[in-house]
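Thanks for making time this morning.

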Amino acid sequence: MIRLLTLALLLAASPPAAARAAAPDYAAALADPARPVADRERDTARKPAELLAFAQIEAGETVGDFVMGSGYVTRLLAAAVGPAGKVYGFQPAEFIAFRKQYGDDQAAVDAAYDNVDAVAGPFAAPAFPEPLDTIITVQNFHDLYLKPFPEGTGDKGSAALFAALKPGGTLVVVDHSAVEGSGTAAADSLHRIDKAAVIAVLTRAGFVLEAESHLYRRADDPRTANVFDEAIRGKTDQFALRFRKPG
């Protein structure tokens, strides 16, 4: 009886194995000396550690940054997955053709990290060279609905992201919120998109919505101004969604 009581007390005092497993330490990724000062200055607003945690990024994973821009997220991912991991930074060929800086930024990040490879190609057909554990796209999903792109680009791009992931892989989408019910109508004029429209197109592609974070929620944003308007820039209401590919 005494031994049973002692065992019960020991079990009560010890957390389950899953709880004892160390959570990834994203502080090291943020402190990566290869990150430029400009990136660090954006950290307060962009909450990188919380984003990595929401995306459930772990060391050794193979991940993609869909529309990497200047490489802010790509650098974080490179440090978070570590030398055993791999990051593919995708830049649409259409963006590079429109502004050479997109290609220059991509090449610079590729050169700075041994575990980063640059990927370019059609916006709606990213040619990732191997199946991915996770894809992150930040403030760029609405671009699939810009006027220069043909109708159906959003559906094709969503299907391509689904195909690029391993079964059970995840897609994290962060974007500027549009007025509810507006669909994709504000994508070109305001660079915003209705969260419901994102969920709808990715669900059609086969994804299952797994989680939502209010990490970037700004209730004071009326969602009616262009995100590049100086009065609202950096202070927009944004949604963060995590989808999973069944498998």
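This is a predicted model: local features need pLDDT of at least 70, side-chain atom pairs count only at pLDDT 80 or more; totals for chains, interfaces and linings use all residues.

Let me begin with helix α9, whose buried residues are Gly103, Gln106 and Val109; buried here means under 20% relative accessible area, exposed means over 50%, and partly exposed lies in between, with a 1.4 Å probe and protein chains only. Seen down the axis of α9, these buried residues fall within an arc of 130°, so they line one face of the helix, the arc being that of the directions from the helix axis to the C-beta atoms. An α-helix has 3.6 residues a turn, so residues three or four places apart point the same way. The face of α9 turned away from the buried side carries the exposed residues Lys100, Ala111 and Ala112.

Residues are numbered from 1 along each chain as its sequence is written, and side-chain values use heavy atoms, with hydrogens and water left out.

What do the buried residues of α9 pack against? They pack against α7 (72-81), β2 (86-92), α8 (93-98) and β3 (116-121), where contact means heavy atoms within 4.5 Å; helices (H or I, at least four residues) and strands (E, at least two) are DSSP runs, numbered from the N terminus.

That brings us to the sheet, which is open, has seven strands in the order β3-β2-β1-β4-β5-β7-β6, and shows mixed pairing; two strands pair if DSSP finds at least two bridges between them. The edge strands are β3 and β6 (208-213), each of which pairs on one side only. β2 and β3 pair in the parallel sense over six bridges, and Val87 stands opposite Val116 in β3.

Finally, the rings: the structure holds ten aromatic pairs, counting rings of Phe, Tyr and Trp (its six-membered ring) with centres within 6.5 Å, where planes under 30 degrees apart are stacked, over 60 edge-to-face, and the rest tilted. The rings of Phe66 and Phe90 have centres 5.3 Å apart and planes at 5°, so this pair is stacked. Phe66 sits in strand β1 and Phe90 in strand β2, 24 residues apart, and the pair therefore links distant parts of the chain. Phe66 is buried, with a relative accessible area of 0%, and Phe90 also counts as buried, at 0% relative accessibility.
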